[in-house]
Amino acid sequence: MTRTFFVGGNWKCNSTVKSITELCASWKESTDNGAKYSGKPVEIVIAPPSIYAQTAKDALPANFQVSLQDCYSSTGAFTGEIAADMIVDMGIPWVITGHSERRTIFKETDEVVATKTAYAISKGLSVIACIGELLEEREAGKTLEVNERQLSAIAATVTDWSKVVIAYEPVWAIGTGKVATPEQAQEVHAALRAWLSTNVNPEVAESTRIIYGGSVKPANANELAGQADIDGFLVGGASLKPDFISVIDSYAV
Ligand SMILES: O=C[C@H](O)COP(=O)(O)O
């Protein structure tokens, strides 16, 4: 089965109305309003800071979808939070869960990430669920153990895998310029797919997109995209630039 190439742009806590307007205008100009990318299907999802979601939605090329960067798993007395219900209400189809910055800075546990993921899916959202090991975990030989533990927590609550994209983001490669080599990334992606096959089922393993994140940019995207089990990217810093379009096109090589 073919897994449609997926490119996410996570703007994190960056952007202004002016920068979004200018960036989206440049993307529209270079993509004929996003109508075609080398003639092959690609799913493109941009995650702006939530306060700019509507600004981005209005300004992005026609075939770019919008995501939020996080959600809460309830409505009610939770000051400062945005419930998955509200994301759906605003016509936004995607949300990111479990980003390493949520896990490390905001202390989200595997269980919190799993709960958010399941709740978002129950409300109809599609989810980019993030996992990834710290540098010390990689150096201690625990890369697969950590990633499988995080994936296992998410998998335990997922009821509809067609709504899930798994983002493997080694924390040591995020925002550092230290991209995982194509071989390092492929090794983990293949292991995660094998884990899904054994612990969920072979069909889910074959159809679920596993994307890579961590210092992806135009100069390294083609080689990463050429790996058998890399089905796209979650891009941070490079998604704030006009030449992000070349990352979107990397699947074509
Ligand atoms: O969500 C995106 C990842 O954290 C990667 O960020 P980066 O491309 O700036 O390294």
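Biologist: How do the residues of the shell around the ligand divide into nonpolar, polar and charged?

Modeller: In this predicted model, five are nonpolar, eight polar and one charged. Gly counts as polar, so Gly213, Gly236 and Gly237, which are among the residues that come nearest to the ligand, belong with the polar ones.

Biologist: What makes Ile174 a residue around the ligand?

Modeller: The cut-off is a C-beta atom within 6 Å of the molecule. Ile174 is one of the 14 residues around the ligand, and is listed with Asn10 among those that come nearest.

Biologist: Why is Val45 called buried?

Modeller: Val45 has 21 other C-beta atoms within 10 Å. The definition asks for 20 or more, so Val45 is buried.

Biologist: Where does Val45 lie, and which residues does Val45 touch?

Modeller: Val45 lies in strand β2, residues 42-47. Leaving out residues up to four places away in sequence, Val45 touches Gly8, Gln65, Ser67 and Trp94.

Biologist: Which residues touch the most other members of the largest nonpolar core?

Modeller: Val95, Ile128, Ile166, Ala167 and Phe233, out of 71 residues. Helix α5, residues 110-122, gives the most to this core, with six residues. Ala167 touches Ile128, Ala129, Cys130, Ile211, Gly213 and Leu234, not counting residues up to four places away in sequence.

Biologist: What confidence does the predictor give?

Modeller: The protein averages a pLDDT of 94, and 96% of the residues score at least 70. The complex has an ipTM of 0.99 and a pTM of 0.96.

Terms used. Residues are numbered from 1 along each chain as its sequence is written. This is a predicted model: local features need pLDDT of at least 70, side-chain atom pairs count only at pLDDT 80 or more; totals for chains, interfaces and linings use all residues. A nonpolar core is a set of buried Ala, Val, Leu, Ile, Met, Phe, Trp, Tyr and Cys residues joined through C-beta atoms within 7 Å. A residue is buried if 20 or more other C-beta atoms lie within 10 Å of its own, exposed if 12 or fewer, and partly exposed in between; C-beta atoms are placed from the backbone. Helices (H or I, at least four residues) and strands (E, at least two) are DSSP runs, numbered from the N terminus. Two residues are in contact if their C-beta atoms, placed from the backbone, lie within 7 Å. pLDDT is the predictor's confidence in each residue, from 0 to 100.
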